[in-house]
Amino acid sequence: MVADSSRYAPDSAYAWWRLAASLAMATVGGIGLWSSVVVLPVVEAEFGVDRGGASVPYTATMIGFAIGGIAMGRLADRFGIVVPLLIGSVMLGLGYIVASQAGGYWQFVAIQALLIGMLGSSAAFAPLVADVSHWFRRRRGIAVAIVASGNYLAGAIWPPVLTFAIETVGWRQAHLWLGLACLAVMLPLTFLLRRRAPLDGPAGAHAAAPLLPSPGVSPGTLQALLVLAGIACCVAMAMPQVHIIAYCGDLGYGPARGAEMLSIMLGLGVVSRLGSGLIADRIGGVGTLILGSTLQALALAFYLPFDGLTSLYVVSALFGLSQGGIVPSYALIVRDYFPAREAGARVSLVLMATVAGMALGGWMSGEIFDLTGSYRAAFLNGIVWNLLNMSIAFWLLIGRTRMRAAPA
């Protein structure tokens with residue numbers, strides 16, 4: 001019994017094996033976050049809508065993803081990770097199959113929001129991050145960063161593949177094959193993760209939460225501030241990630257160049273995310289959030305003066321390297337300040353706020369483009385939101401420093 005307990009303990013070989021399976025699940029399930037970005041120009045032409053309208057499927061997907069992620073996190077807290085992953089695997093595969101037969105614009109939007117976003121991909125992000133956080137203590141930062149890299153790996157792998165498929169067989173056939181692939185890969189992976197996660201501390205689910213950053217701050221207030229920070233950082237993050245393909249098309253470079261830039265951006269985002277995980281194990285989630293948010297603001301500013309083809313590749317690479325560690329840092333902050341038994345719901349709520357920020361930022365940037373005729377004002381809008389995120393992160397750092405100094 002003791003040997004079996006040791007075999008499945010946090011930081012064990014089993015925990016690392018489980019992390020690898022979780023990363024694979026997150027990478028496949030993460031396609032739901034990026035397919036609507038790739039088909040944005042196709043939707044614009046297929047359904048006769050403007051740029052803002054073509055951005056709506058992405059926004060609807062992300063809103064559904066955010067709502068579904070919170071619900072999936074609660075399911076994971078109560079029943080374990082297998083239940084939400086089963087739902088997500090089936091709904092994501094079914095969503096792409098049904099989307100391939102969509103007869104109109106609003107039908108396509110509804111499928112993206114409900115099946116692909118809310119009931120599909122949402123299970124393969126925040127609930128998986130929360131689940132993995134239970135399996136590691138000494139190396140929690142890098143473990144969370146690895147599994148959170150799944151959606152970036154999805155963004156690096158899937159856009160070029162889907163772009164090629166659309167150009168070869170059309171977007172409808174591409175969606176059909178995508179749905180079948182999700183079912184074939186995600187369902188077997190789900191059953192590999194059926195063991196329930198251990199909870200922190202000798203009291204298990206009843207372990208006490210660490211101190212909050214300030215005596216006058218309630219858990220609800222802290223949660224709300226983390227949600228606001230998550231929205232703000234990802235409104236900024238959405239501008240390049242959602243619109244780089246359309247931006248390159250407007251500049252005359254073509255959507256294929258934009259897809260390559262998105263792939264580079266997100267591929268280097270994986271490097272950034274892993275590096276930030278190693279850093280987080282040394283300086284904590286708050287310090288990592290400040291570092292990533294500051295670098296993201298600088299990278300966004302570089303888009304303003306540089307719009308040549310080569311410079312856009314370079315700036316997109318810098319953007320990927322700068323912002324990969326931001327989202328995982330929220331999961332580490334939640335685990336620092338809240339009980340383990342609440343991890344699924346609270347991590348999901350904050351990470352889904354980042355998704356809501358991506359949805360808001362993707363739509364907002366499209367509307368700003370329609371109003372101004374360029375993306376310059378959209379980049380400036382992103383920088384302002386980024387500064388809001390940075391102010392909350394610095395407040396957390398100051399509060400934590402004061403609490404540590406209080407006994408002295």
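Colleague: How do the residues of the lining of the largest pocket divide into nonpolar, polar and charged?

Modeller: In this predicted model, the lining of the largest pocket holds seven charged residues, with five nonpolar and five polar ones beside them.

Colleague: What volume does the largest pocket have?

Modeller: The volume of the largest pocket is about 300 Å³. Its lining consists of 17 residues, and Ala-280, Ile-283, Gly-284, Gly-285 and Asp-336 are the closest to the centre.

Colleague: Which elements give two or more residues to that lining?

Modeller: Those elements are α9 (140-148), α13 (255-302), α15 (326-337) and α17 (376-405). Of these, α13 gives the most, namely seven residues.

Colleague: Staying with α13, how far apart are its end C-alpha atoms?

Modeller: They are only 21 Å apart, although α13 has 48 residues. A straight helix would reach 70 Å at 1.5 Å a residue.

Colleague: Where is the kink in α13 centred?

Modeller: The kink is centred on Ile-283 and amounts to about 120 degrees. Ile-283 is also among the residues closest to the centre of the largest pocket.

Colleague: Which residues lie nearest the centre of the largest cavity?

Modeller: Leu-33, Met-62, Asn-151, Gln-241 and Met-358 lie nearest its centre, out of 16 lining residues. At least two lining residues come from each of α5 (51-79), α10 (150-169), α12 (219-250) and α16 (343-372).

Colleague: And how do the residues of that lining divide?

Modeller: The lining of the largest cavity has 12 nonpolar residues, three polar and one charged. For the lining of the largest pocket, the division is five nonpolar, five polar and seven charged.

Colleague: A change of topic: how many aromatic pairs are there?

Modeller: The count comes to 14 aromatic pairs. One of them joins Phe-47 and Trp-171 in an edge-to-face arrangement, 6.5 Å centre to centre and with 70 degrees between the planes.

Colleague: Where do Phe-47 and Trp-171 sit in the chain?

Modeller: Phe-47 is in the loop between α4 (40-46) and α5, while Trp-171 belongs to helix α11 (residues 171-192). The pair links distant parts of the chain, 124 residues apart.

Colleague: Are Phe-47 and Trp-171 buried or exposed?

Modeller: Phe-47 and Trp-171 are both buried.

Colleague: Which residues do ring pairs link into a cluster?

Modeller: The cluster consists of Tyr-247, Tyr-303, Phe-319, Phe-369, Tyr-375 and Phe-379.

Conventions. Residues numbered from 1 in each chain as written. Predicted model: local features only at pLDDT ≥ 70, side-chain atom pairs only at ≥ 80, totals over all residues. Heavy atoms only, no water. 1 Å grid on protein atoms, 1.4 Å probe; cavity = no way out; pocket = protein on both sides within 12 Å on 5 of 7 lines; lining within 4 Å. Helix = DSSP H or I, 4+ residues; strand = E, 2+ residues; numbered from the N terminus. Nonpolar A, V, L, I, M, F, W, Y, C, P; charged D, E, K, R; others polar. Phe/Tyr/Trp six-rings, centres within 6.5 Å; stacked < 30°, edge-to-face > 60°. Buried < 20%, exposed > 50% of the residue type's maximum accessible area, 1.4 Å probe, protein only. Points joined across faces, edges and corners; volume = space filled by probe spheres on them. Expected span 1.5 Å × (residues − 1). Bend = angle between axes of the 7 residues up to and from the residue.
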